[in-house]
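Work through these exercises with the structure open. Each task is followed by a solution in steps.

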There are 2 protein chains.
Amino acid sequence: MTSPLYTASVPVLQQMLKALSDVLTKAEDHAAQKKIDPDALLQARLFPDMLPLIRQVQIAADFSKGIASRLAGAEVPSWPDTEASFADLQALITKALAHVGSFKPDQFDSSESREIVLRPGTPKEKKLMASAYLLHYGLPQFFFHVTTAYGILRHNGVEIGKRDYMGAY
Amino acid sequence: MTSPLYTASVPVLQQMLKALSDVLTKAEDHAAQKKIDPDALLQARLFPDMLPLIRQVQIAADFSKGIASRLAGAEVPSWPDTEASFADLQALITKALAHVGSFKPDQFDSSESREIVLRPGTPKEKKLMASAYLLHYGLPQFFFHVTTAYGILRHNGVEIGKRDYMGAY
């Protein structure tokens, strides 16, 4: 049987990242058609002390690579967060999809009993079993940022719907 | 070993529903302190054709009962969606938590190979294996509505943070 942690991570991350890519394509097309400065969407926030669209996408990509890497017992690669355009965000999602898709189910076989240490060596260090890390920490945060990216675009009038958020399942 | 479908559903739904309850308590307190009509928050939307806060909470509760019931092979109870106040939403979450918590892990043991039929008998009928139903359909939608409820409140100035969304994990 495929590891439940693989089943609950890689294919789910792939579904939502692909959907997020399509949502961003619609947002970019919307900006072009309405002659909106792309930055008006990329820098949009739901509230002044919330993060803008560009950061929501970066953090979603970040959680996807962190989840897949940690569950596979691999090093989490460091990415620079230098994206500044829709094209950059698409390239980031492509990179995240390639990274997430690089792991094989059997790399997750022994991960259930693995302990994952978040923010190691800091005052906020937290240890979680791999299953708790995925289900109670990683996925809730990943979905938070994917949904918030969608919400920012909806709030700004981009014509997308729940089906776009969901992608293919 | 506990069924992976139980592990990935009931405790996750419980975490997020409890957190949502606390978020709504803060929202109600905020309205009272700032002398805001509670309906200004309960009926708030991120865009005119999106659903208001009260519906986001109802749908989150709905997915929680649907997910737990279907995975356990139980009838999905029908709830009337008559909530109109913060107190009503708290009662709804309490009811959802009681329902979700009423299932035992061993009720999920055989659910992996179970087929789940969504919208049976309608043109939009869709069949999914239980695992795909949970991971690719139920949880993405549940998190969508919990996050959107949070986003509506943040957008309206309620002082909550990611920690409130996450709850205890």
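**Exercise 1. Describe how helix α2 (residues 10–33) of chain B packs against α4(B).**

Solution. Start with the geometry. The two helices pack at an angle of about 160 degrees, and their axes are 11 Å apart. Axes are lines fitted to C-alpha atoms, for helices over the stretch in contact; angles run from 0 to 180 degrees between N-to-C directions. Helices are DSSP runs of H or I with at least four residues, numbered from the N terminus.

Next, name the arrangement. α2(B) and α4(B) are therefore roughly antiparallel to each other, a label for angles over 145 degrees. Their crossing is left-handed: the near helix is turned anticlockwise from the far one by less than a right angle.

Then list the contact, meaning heavy atoms within 4.5 Å. α2(B) supplies B:Leu13, B:Leu17, B:Leu20 and B:Leu24, while α4(B) supplies B:Leu53, B:Val57, B:Ala60, B:Ser64, B:Ile67 and B:Ala68. By class, that is nine nonpolar, one polar and no charged residues. Ala, Val, Leu, Ile, Met, Phe, Trp, Tyr, Cys and Pro count as nonpolar; Asp, Glu, Lys and Arg as charged; the others, Gly among them, as polar.

The model is predicted: local features need pLDDT of at least 70, side-chain atom pairs count only at pLDDT 80 or more, and totals for chains, interfaces and linings use all residues. Residues are numbered from 1 along each chain as its sequence is written, chains are lettered from A and ligands numbered from 1 in the order in which they are written, and side-chain values use heavy atoms, leaving out hydrogens and water.

**Exercise 2. At what angle do α4 (residues 53–71) and α6 (residues 130–155) of chain B pack?**

Solution. The angle is about 160 degrees, with axes 9 Å apart. That makes α4(B) roughly antiparallel to α6(B). The crossing is left-handed. The contact of α4(B) with α6(B) has 18 nonpolar, seven polar and one charged residues.

**Exercise 3. Characterize the contact between chain A and chain B.**

Solution. Count residues: 38 come from chain A and 38 from chain B. Take the area: about 3,300 Å² is buried, 67% of it from carbon and sulfur atoms. Buried area is the accessible area (1.4 Å probe) that two parts lose on being put together, summed over both.

Now the charges. Two salt bridges are counted between the chains, each a side-chain nitrogen of Lys or Arg within 4 Å of a carboxyl oxygen of Asp or Glu. B:Arg154 pairs with A:Asp49, the closest N and O atoms being 2.8 Å apart. A:Arg154 forms a salt bridge with B:Asp49, its closest N and O atoms also 2.8 Å apart. A:Arg154 lies in helix α6 (residues 130–155) of chain A and B:Asp49 in the loop between α3 (38–42) and α4 of chain B, so the pair joins two chains.

Conventions. Angles under 35 degrees count as roughly parallel, over 145 as roughly antiparallel, 65 to 115 as roughly perpendicular and the rest as oblique.
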